[in-house]
Amino acid sequence: MAISQIPAGGCPQDAYVGKLVPIDFAMACGNVDPTTLSYMPIGAQQGGDISIDWDTVDGTHAGSKGSTRANYATFQAVTVSGDGICMAKDGSLSNQTMLWKHVAKPIGGQPIVWLRLTFPDIMIYVYCIIKSMSRAITFDDLSKYTWEANSTSSEFGVVIEDTPQV
């Protein structure tokens, strides 16, 4: 009796591992549609994070019911961060040197980029200022980098689309 072979890549999974979520960047202004840009991988990432926070104001007044504060959202802030292994040169899989140079001496005076995070279910585009980028030099380990970016105003805001299915 023959046993059928199932290719490992063909089995659908409900969950996914973080290494399947690339964070890419494109250098363009906030008035450019982020979905039309050519993105480059930061490269050799080992971790990443995105968080969305809302500023709130208290609208509670003497007539508010139930002893519960009435909060209202005012402004949204998105933070994206990542870390990984430093690479010696840029290429098709890593563009850390280009990004490092842009953060150190920004083109146009501001270290701004469009970031794209591609999850299995959604793609998130955020126009950001890269507020910090560092390299750790450890004697007995690989050199590693970290970075953090905050959203800033653009004509498109945060764009969220469904990830195209392959």
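The questions and answers below concern a predicted model.

Trainee: What is the volume of the largest pocket, and which elements give two or more residues to its lining?

Mentor: The largest pocket is lined by 19 residues. The elements that give two or more residues to this lining are β1 and β3 (45-58). As for the volume of the largest pocket, the value is about 340 Å³.

Trainee: Which element gives the most to the lining of the largest pocket?

Mentor: Among the residues nearest the centre of the pocket are Gly18, Val21, Pro22, Ile23 and Gln45. By class, the lining has 10 nonpolar, six polar and three charged residues. With six residues, the element that gives the most to the lining is β3.

Trainee: Which strands are tied together by the salt bridge of Lys131 and Glu148?

Mentor: The side chains of Lys131 and Glu148 meet in a salt bridge, with 3.9 Å from N to O. The two residues are 17 apart in sequence, because Lys131 belongs to strand β6 (residues 122-136) and Glu148 to strand β7 (residues 144-151). The strands tied together are therefore β6 and β7.

Trainee: Why is Lys131 exposed, and how does Glu148 count?

Mentor: The cut-off for an exposed residue is over 50% relative accessible area. Lys131 is exposed because its relative accessible area is 53%. Glu148 has 27% relative accessibility, so it counts as partly exposed.

Trainee: What is the N to O distance in the salt bridge of Lys144 and Asp141?

Mentor: Lys144 counts as partly exposed, because its relative accessibility is 32%. Asp141 is partly exposed as well, with a relative accessible area of 44%. Their side chains meet in a salt bridge, and the distance from N to O is 3.8 Å.

Trainee: What is the phi of Ala44, and where does this residue lie?

Mentor: Most residues other than glycine have a negative phi. Ala44 has a positive value in a residue other than glycine, with phi near 50°. At 30% relative accessibility, Ala44 counts as partly exposed. Its place is the loop between β2 (40-41) and β3.

Trainee: Where is Ser67 found, and what is its phi?

Mentor: Ser67 is found in the loop between β3 and β4 (71-85). With a relative accessible area of 82%, Ser67 is exposed. Although Ser67 is not a glycine, its phi is positive, at about 55°.

Trainee: How many Å apart in space are Ile124 and Ile23?

Mentor: Ile124 has its place in strand β6, and at 9% relative accessibility it counts as buried. Ile124 and Ile23 are 101 residues apart in sequence. In space, C-alpha to C-alpha, they are 9.6 Å apart.

Trainee: How many Å apart in space are Gln110 and Tyr125?

Mentor: Gln110 is found in the loop between α1 (96-104) and β5. Its relative accessibility of 42% means that Gln110 counts as partly exposed. Gln110 and Tyr125 are 15 residues apart in sequence, while their C-alpha to C-alpha separation in space is 18 Å.

Terms used:
Residues are numbered from 1 along each chain as its sequence is written. This is a predicted model: local features need pLDDT of at least 70, side-chain atom pairs count only at pLDDT 80 or more; totals for chains, interfaces and linings use all residues. Side-chain values use heavy atoms; hydrogens and water are left out. On a 1 Å grid over the protein atoms alone, a cavity is a set of points where a 1.4 Å probe fits but cannot get out, and a pocket is an open set with protein on both sides within 12 Å along at least five of seven lines; lining residues have an atom within 4 Å of a point. Grid points are joined across faces, edges and corners, and a volume is the space filled by probe spheres set on the points. Helices (H or I, at least four residues) and strands (E, at least two) are DSSP runs, numbered from the N terminus. Ala, Val, Leu, Ile, Met, Phe, Trp, Tyr, Cys and Pro count as nonpolar, Asp, Glu, Lys and Arg as charged, and the others, Gly among them, as polar. A salt bridge is a side-chain nitrogen of Lys or Arg within 4 Å of a carboxyl oxygen of Asp or Glu. Buried means under 20% relative accessible area, exposed over 50%, partly exposed in between (1.4 Å probe, protein chains only).
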